[in-house]
Amino acid sequence: TSSSLYCKIICDKQNDPFDTFEYLMNISEKYGLQSIFYFLPAIKGKQDFTFDFKSEAVQQTIKMIHKRAHSIGLHASYASFDNKQLLATELQLLQKQKITHSRQHFLRFSIPITWQQLDQLKISVSSNLGYTNLIGFRAGICSRFSVFDILERKKLHLKEQPLILMDVALIKMNKSAKESMQEAIRLKEIVQRFNGEFTFLWHNSSFLFDTWNDYTANYEHLCE
């Protein structure tokens, strides 16, 4: 069970199976990529992941990510999409890091409220405009663009970096792993044709469960 697994991990009787950060960095570096690791320093709640952000293990992982020249981003909580004070509190927990990128939990955001909040908190890049159950071009574009505040009638400093693909969406497509990955590669080729950014999200936990076995085998190919 998950509870017994958790007990074994905190008692140092088993390695944390979600600790795939080194593997992810190895693959990125193999193909000359820089990864952004979004950490969720949220107040514990049922919609948000309940790990201790201040723990020594997490802090050591962050140091390793920096040492290897990758980046840390803010994974803002489920309830923060229209709550600037909560978003600021979470960002403050990452105060030792230079945070320029942000993504909302479950891609839960509101236009233009979330964009306004991120801009006011000096976040440079948002990556929320993507699908949770499909893959493709929700923004109709594959390059980052300046965000426009339709209420204040002005361009914000914030840029939106469209999310083209999320790992969970591949499962929800109800196709085989092979067919799903063929679709992913097709999208990547379109992005390359237009000299865009193929931004995709892969959770560090998507290497543990049997459901992901076939997809894991194709992860490196997608990075390549």
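The model is predicted: local features need pLDDT of at least 70, side-chain atom pairs count only at pLDDT 80 or more, and totals for chains, interfaces and linings use all residues. Residues are numbered from 1 along each chain as its sequence is written, and side-chain values use heavy atoms, with hydrogens and water left out.

**Overall fold**

- The chain has eight helices and eight strands; helices (H or I, at least four residues) and strands (E, at least two) are DSSP runs, numbered from the N terminus.
- Of the 224 residues, 42% count as buried, where buried means under 20% relative accessible area, exposed means over 50%, and partly exposed lies in between (1.4 Å probe, protein chains only).
- A contact means heavy atoms within 4.5 Å. Among contacts between residues at least 6 apart in sequence, 68% join residues at least 24 apart.
- The chain exposes about 12,800 Å², and carbon and sulfur atoms supply 50% of that area. Accessible areas come from the Shrake-Rupley method with a 1.4 Å probe, and for residues only the protein chains shown count as cover.

**The sheet**

- Six strands form an open sheet with mixed pairing, in the order β1-β2-β3-β4-β6-β5. Its edge strands are β1 (36-39) and β5 (145-149), each of which pairs on one side only.
- Two strands pair if DSSP finds at least two bridges between them.
- Strands β1 and β2 run parallel and are joined by four bridges; F37 has I72 in β2 as its bridge partner.
- Strands β2 and β3 also run parallel, with three bridges between them; the bridge partner of L74 is S102 in β3.
- Five of the six residues of β2 are buried, so β2 is largely enclosed by the rest of the structure.

- Axes are lines fitted to C-alpha atoms, for helices over the stretch in contact, and angles run from 0 to 180 degrees between N-to-C directions.
- Helix α3 (residues 56-67) packs on the sheet and touches β1 and β2 (71-76), with its direction at about 160 degrees to that of β1.
- Helix α4 (residues 84-93) lies across β2 and β3 (101-104) and runs at about 150 degrees to β2.

**Helix α7**

- The 17 residues of α7 should span 24 Å at 1.5 Å a residue, and the end C-alpha atoms are 24 Å apart, which agrees. The expected span is 1.5 Å times one less than the number of residues.
- Buried residues of α7 are A177, S180, M181, A184, I185, L187, K188, I190 and V191, and they pack against β7, α6 and α8.
- Just after α7, N195 takes a positive phi of about 55 degrees.
- A184, in helix α7, counts as buried at 0% relative accessibility.
- Leaving aside neighbours within four places in sequence, A184 is in contact with I135, L165, F198 and L222. The C-alpha atoms of A184 and L165 are separated by 7.4 Å, at 19 residues apart along the chain.

**Helix α8**

- Y215, Y219, L222 and C223 are buried in helix α8 (residues 213-223). They cover an arc of only 80 degrees around the axis, which puts them on the same side of α8; the arc is that of the directions from the helix axis to the C-beta atoms.
- The exposed residues D214 and A217 are on the face of α8 turned away from its buried side.
- The buried residues of α8 pack against α2 (21-30), β7 (165-166), α6 (167-172), α7 (177-193) and β8 (200-201).

**Two buried loop residues**

- S35 lies in the loop between α2 and β1 and is buried, with a relative accessible area of 15%. Leaving aside neighbours within four places in sequence, S35 is in contact with S28, H70 and S71.
- T20 lies in the loop between α1 (2-10) and α2 and counts as buried at 11% relative accessibility.
- With neighbours within four places in sequence left aside, T20 is in contact with N204 and F207. T20 and S206 are 186 residues apart in sequence and 9.2 Å apart in space, C-alpha to C-alpha.
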